[in-house]
Amino acid sequence: MIINGWVLLGSFIIFGLAAVAAYYQMLLLKKGRLERQNEETLRSELAQRQEKNIKSVVILSRAVIEKQVTLTEACIRINALIQTLGLDAKVVEELSVFRQLAEATAHIPILERWKALSRKEKQKFERERESLEANFSDFVVAAAEKIVQKGILG
């Protein structure tokens with residue numbers, strides 16, 4: 001009788017441990033499923049953001065070709081967007097002119113700092129910007145045409 005009691009107690013303990021193990025296994029499976037869903041959502045959002053950034057680069061490139069924006073502004077914006085795309089090193093090198101002009105004009109004040117300049121200082125910076133843009137113009141337009149016509153961004 002005592003042995004049957006121990007067998008019964010042991011059975012309850014084993015059953016209890018099995019139930020706890022099953023519960024934790026269910027929690028692990030649920031957590032794994034949730035993590036996979038989160039990863040998929042993140043991948044989807046990243047792909048959407050990348051597509052949006054590619055479209056922005058194409059729009060800016062068209063604006064460059066159609067002379068709707070200064071080359072400096074376009075290069076600053078395109079350079080920033082290109083850095084978010086994770087492009088192949090060869091493509092980044094083909095489009096390096098955007099970075100080069102952005103860096104060459106990075107010292108020119110913008111926004112509030114621009115407003116604080118005197119008229120003479122603004123004219124000096126405008127002449128410098130125009131000179132730099134003239135030097136880079138053919139290369140920037142050629143790179144913009146590659147983006148628009150050949151779709152090299154993907």
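This passage describes salt bridges in a predicted model and the surroundings of their partners. Because the model is predicted, local features were considered at pLDDT of at least 70 and side-chain atom pairs only at pLDDT 80 or more, whereas totals for chains, interfaces and linings use all residues. Residues are numbered from 1 along each chain as its sequence is written, and side-chain values use heavy atoms, with hydrogens and water left out.

A search of the whole structure identified eight salt bridges, each defined as a side-chain nitrogen of Lys or Arg within 4 Å of a carboxyl oxygen of Asp or Glu. One of these joins arginine 77 to glutamate 73, with 2.9 Å between the closest N and O atoms. The two residues lie four apart in helix 2 (residues 71-82), so about one helical turn separates them; helices (H or I, at least four residues) are DSSP runs numbered from the N terminus. Arginine 77 is partly exposed at 44% relative accessibility, and glutamate 73 is partly exposed at 35%. Here, buried denotes under 20% relative accessible area, exposed over 50%, and partly exposed the range in between (1.4 Å probe, protein chains only).

In helix 4 (residues 96-104), glutamate 103 and arginine 99 are likewise four residues apart, about one helical turn. Their salt bridge has its closest N and O atoms 3.4 Å apart, and arginine 99 is partly exposed at 31%.

A further salt bridge links glutamate 130 with arginine 129 (3.9 Å, N to O).
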